[in-house]
Amino acid sequence: MITLQEVSEQEELMEPRFIRLPKTGERCPWTGLSRSKMNQLILPSLSNNYLPPVESCSLRQRGASRGIRLVLFESLMAYIDRKMETTI
């Protein structure tokens with residue numbers, strides 16, 4: 001029989017498919033990146049030649065001015081891994 005603690009430990013080891021941006025003033029619990037840094041990585045801007053290095057998508061209802069921005073976790077981790085390789 002699997003205990004509640006074992007289930008909790010397994011859930012901690014599982015990586016999510018998508019993550020939300022951290023709240024303003026907080027950091028991502030998975031990477032430690034700030035909200036502003038994550039926005040630089042996922043939104044087209046002059047600093048990334050309008051080609052964001054990390055994939056994301058915005059979920060919003062038609063006609064709504066706001067939505068939820070989801071970051072593809074695998075893409076974010078791949079970006080961090082590439083940066084680690086270039087610094088070594």
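The model is a predicted one, in which local features need pLDDT of at least 70 and side-chain atom pairs count only at pLDDT 80 or more, while totals for chains, interfaces and linings use all residues. Residues are numbered from 1 along each chain as its sequence is written, and side-chain values use heavy atoms, with hydrogens and water left out.

The protein chain holds 3 helices and 3 strands, where helices (H or I, at least four residues) and strands (E, at least two) are DSSP runs numbered from the N terminus. Read from that end, the order of the elements is α-β-α-β-β-α. Contacts, defined by heavy atoms within 4.5 Å, were also sorted by sequence separation: among those between residues at least 6 apart in sequence, 38% join residues at least 24 apart. The accessible surface of the protein chain is about 7400 Å², and 53% of this area belongs to carbon and sulfur atoms. Accessible areas come from the Shrake-Rupley method with a 1.4 Å probe, and for residues only the protein chains shown count as cover.

We turn next to the interior. A nonpolar core is a set of buried Ala, Val, Leu, Ile, Met, Phe, Trp, Tyr and Cys residues joined through side-chain atoms within 4.5 Å. The largest such core has 12 residues, namely Ile19, Leu21, Cys28, Leu33, Met38, Leu41, Ile42, Val54, Val71, Phe73, Leu76 and Tyr79. Helix 2 (35-42) and helix 3 (73-87) each supply at least two residues of this core. Tyr79, one of the core residues, is in contact with Leu41, Pro53 and Val54 when its neighbours within four places in sequence are left aside.

Within helix 2, the residues Met38, Leu41 and Ile42 are buried. Seen down the helix axis, the buried residues of helix 2 fall within an arc of 85°, so they line one face of the helix; the arc is that of the directions from the helix axis to the C-beta atoms. The cover over these buried residues includes strand 1 (18-20), strand 2 (56-59), strand 3 (68-72) and helix 3.

Helix 3 also contains Ser75, which is buried at a relative accessible area of 9%. Apart from its neighbours within four places in sequence, Ser75 is in contact with Pro53, Val54 and Glu55. Ser75 and Arg17 are 58 residues apart in sequence, with a C-alpha to C-alpha distance of 9.6 Å in space.

Beyond neighbours within four places in sequence, Asn48 is in contact with Gln40, Leu43 and Pro53.

Asn49 lies in the loop between helix 2 and strand 2 and is exposed, at 61% relative accessible area. The phi of Asn49 is near 55°, a positive value in a residue other than glycine. Tyr50 is likewise placed in the loop between helix 2 and strand 2, has a positive phi of about 60° although it is not a glycine, and counts as exposed at 53% relative accessibility.

Ser34 belongs to the loop between strand 1 and helix 2. The Ser34 side chain makes a polar contact with the side chain of Ser36 at 3.2 Å, and a polar atom of the Ser34 side chain lies 3.2 Å from the backbone nitrogen of Lys37. Not counting residues up to four places away in sequence, Ser34 touches Pro22, Glu26 and Arg27.

Finally, the cysteines were examined. Cys28 counts as buried at 4% relative accessibility, whereas Cys57 is partly exposed at 29%. With a disulfide taken as a pair of cysteine sulfur atoms within 2.5 Å, the count comes to 0 disulfides.

Terms used. Buried means under 20% relative accessible area, exposed over 50%, partly exposed in between (1.4 Å probe, protein chains only). A polar contact is a pair of N or O atoms within 3.5 Å; within protein, one must be able to donate a hydrogen and the other to accept it, and residues adjacent in sequence count only if both atoms are side-chain atoms.
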